[in-house]
Each structure stands twice: as structure tokens, then as C-alpha cells.
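The following account leads the reader through one structure, from its overall plan to selected residues. Please keep the sequence and the model in view while reading.

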Amino acid sequence: MECDDIMTRLSRELDADVSPENLAEMDRHIQGCAPCVEYLESVKKSIELCKAHLPVDQPRPLDSATRNELRAAWQRVMAARKTPHQL
């Protein structure tokens, strides 16, 4: 197994999409490969940072003027779909 394979399979591992056999092979490779260890640590740190900085505030509701503009745009699109196009 090459480093490129490891990096590709790590994302699958995060999604729990790696067979136990492949996981064992990956572990053996990573133990003897400094670049893969460094990459794995970087991925773990990125995940930790993302979890630590999850947004806590909910987005504000749209104001009525914006809702009206969006509704009007949606209605125009729907009306255009109902109108046959002329060539």
C-alpha cells in the first residue's frame, strides 16, 4: 500500500467505509511511514478544530421584505415554467 492509497482511504475510514482487512493494512503502513503519520495527525487536528468551533448561534430569520422578494422570484420562475417557450 502506498501513501496515496492511505490518504484516499483515510477519508473512507472517517466515513466508516473501510473493511477491517484494509484498516489493518493501513495501520501497518502508517506505523512505518512518517509522512502518513504527519498527515493523519493533521486530519485529526483539523477535525478537533472543526468540532471546537461549531456555530452556536442560529441564523436570524429573514425579514419580511427579503421573504417577499424570494417569494416573488419563485413565482416568476414557476410562471415561466408554465408558459410555453416560443422559438
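Predicted model: local features only at pLDDT ≥ 70, side-chain atom pairs only at ≥ 80, totals over all residues.

Residues are numbered from 1 along each chain as its sequence is written, and side-chain values use heavy atoms, with hydrogens and water left out. The pLDDT is the predictor's confidence in each residue, from 0 to 100. Its mean over the chain is 80, and 84% of the residues reach 70 or more. Confidence is lowest in helix 1, with a mean of 70, and highest in helix 4, at 90.

The chain contains four helices and zero strands, where helices (H or I, at least four residues) and strands (E, at least two) are DSSP runs numbered from the N terminus. Along the sequence the pattern is therefore written α-α-α-α. Of the 87 residues in the chain, 11% are buried; buried means under 20% relative accessible area, exposed over 50%, and partly exposed in between (1.4 Å probe, protein chains only).

Which residues form the largest nonpolar core? It has seven: Ile6, Leu10, Met26, Ile30, Cys33, Cys36 and Leu40. Helix 1 (3-14), helix 2 (20-31) and helix 3 (34-52) each supply at least two residues of this core. Such a core is a set of buried Ala, Val, Leu, Ile, Met, Phe, Trp, Tyr and Cys residues joined through side-chain atoms within 4.5 Å. Methionine 26 lies in helix 2 and is buried, with a relative accessible area of 0%. Its C-alpha atom is separated by 8.2 Å from that of arginine 9, 17 residues apart along the chain.

Cysteine 36 is buried, at a relative accessible area of 1%, whereas cysteine 50 is exposed, at 53%. The count of disulfides (pairs of cysteine sulfur atoms within 2.5 Å) is zero.

Finally, helix 4 (residues 64-82) has 19 residues, and at 1.5 Å a residue it should span 27 Å; its end C-alpha atoms are 27 Å apart, which agrees. The expected span is 1.5 Å times one less than the number of residues. At the start of helix 4, a side-chain oxygen of aspartate 63 reaches to within 3.1 Å of the backbone nitrogen of alanine 65.

How values were computed
Polar contact = N/O pair within 3.5 Å; in protein donor to acceptor, adjacent residues only side chain to side chain.
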